[in-house]
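This report describes a single protein chain, its fold, its disulfides and some features of its backbone. The sequence and the structure come first, and the description follows.

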Amino acid sequence: MKLGSRIGAVLGALLSALTLVLMLPGSAQARAQACYGFGCDGHDPNIQSWQTGPVSPYGPYNLGSSFLYELRWGKTDGDQYSWARLHYISGSNEQDWSVYVQRCTKDQSECYWRLGLKKGGASGWTAKIPSGTNYYWTRTPMYYNPSTHMMRACVEDPSGDQSCTPWY
């Protein structure tokens, strides 16, 4: 067998093996979903595998006729995470509203404000609510909420006024 033929056969076999690995159902996705602690900050909660939840311990709270917001909570890989969600009717100037989470130690000696800030309708972070014809929600990324910390969801209206859930 000539050298060119051997190299072609080896490259073909490697390419075939790589294709099979990439086609295995869920293998790459499962690795992408595993996360631990603060290393999960900023992950999309919609691609996580949840052991508990997600649920909403606080909310949704009404912000008038077109907007609601809530704190979401879930447990994955044994750790608790939280994120915020803004519900709205399409065309209600949702891009003027912001949603985010705040995380503090329980004694409030160390706090992080405006984590995961998203504007209403943010690309990649917005989904149509299945039960409504013209209703959407925009979510923040998820953030680690260990037992030494507490979290809350907040929204900011076009005038800059802030509303927040209780601490969880």
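In which strand does Pro-60 lie? Pro-60 lies in strand β1, where strands (E, at least two residues) and helices (H or I, at least four residues) are DSSP runs numbered from the N terminus.

## Basis of the description

This is a predicted model, in which local features need pLDDT of at least 70 and side-chain atom pairs count only at pLDDT 80 or more, while totals for chains, interfaces and linings use all residues. Residues are numbered from 1 along each chain as its sequence is written, and side-chain values use heavy atoms, with hydrogens and water left out.

## Overall composition

The chain has two helices and 10 strands, and from the N terminus on its elements run α-α-β-β-β-β-β-β-β-β-β-β. Of its 168 residues, 39% count as buried, where buried means under 20% relative accessible area, exposed over 50%, and partly exposed in between, with a 1.4 Å probe and protein chains only.

The chain exposes about 9,300 Å², and carbon and sulfur atoms supply 56% of this area; accessible areas come from the Shrake-Rupley method with a 1.4 Å probe, and for residues only the protein chains shown count as cover. Among the contacts in the chain with a separation of 6 or more, 56% are between residues 24 or more positions apart, a contact meaning heavy atoms within 4.5 Å.

## The four-stranded sheet

Four strands form an open sheet in the order β5-β4-β9-β10, with antiparallel pairing; two strands pair if DSSP finds at least two bridges between them. Strands β5 (111-119) and β10 stand at the edges, each with a single partner strand, so one side of each is left without a neighbour in the sheet. Neighbouring strands of this sheet are turned by 25° against each other on average, direction ignored, where axes are lines fitted to C-alpha atoms, for helices over the stretch in contact, and angles run from 0 to 180 degrees between N-to-C directions.

Three bridges join β9 to β10, which run antiparallel, and Val-155 stands opposite Ser-163 in β10. Ser-98 has its place in strand β4 (residues 98-105) and counts as buried at 3% relative accessibility. Leaving aside neighbours within four places in sequence, Ser-98 is in contact with Leu-117, Lys-118, Lys-119, Cys-154, Val-155 and Glu-156. A polar contact of 3.4 Å joins the side chains of Ser-98 and Lys-119; such a contact is a pair of N or O atoms within 3.5 Å, and within protein one must be able to donate a hydrogen and the other to accept it, while residues adjacent in sequence count only if both atoms are side-chain atoms.

## Disulfides

A search of the whole structure finds three disulfides, each being a pair of cysteine sulfur atoms within 2.5 Å. With bonded cysteines counted along the chain, they follow the pattern 1-2, 3-4, 5-6. Cys-35 is joined to Cys-40 with an S to S distance of 2.0 Å; this link is right-handed, with 125° about the S-S bond, and Cys-35 and Cys-40 are both buried.

Cys-104 is joined to Cys-111, again with S to S 2.0 Å, in a right-handed link with 120° about the S-S bond. Cys-104 is buried at a relative accessible area of 0%, whereas Cys-111 is partly exposed at 22%. The disulfide of Cys-154 and Cys-164 has S to S 2.1 Å, and the torsion about its S-S bond is about 110°, so the disulfide is right-handed. The pair links Cys-154 in strand β9 (residues 149-156) to Cys-164 in strand β10 (residues 162-164), 10 residues apart. Cys-154 counts as buried at 0% relative accessibility, and Cys-164 is partly exposed at 23%.

## Backbone features

Most residues other than glycine have a negative phi, and most peptide bonds are trans. The peptide bond from Gly-53 to Pro-54 is cis, with omega near 0°, and Pro-54 has its place in strand β1 (residues 52-62). A cis peptide bond also joins Gly-59 and Pro-60, with omega about 5°.

Asp-77 has a positive phi, near 50°; this residue is found in the loop between β2 (67-76) and β3 (79-89) and is partly exposed, with a relative accessible area of 32%. Gln-108 has a positive phi near 55°, lies in the loop between β4 and β5, and is partly exposed with a relative accessible area of 44%.
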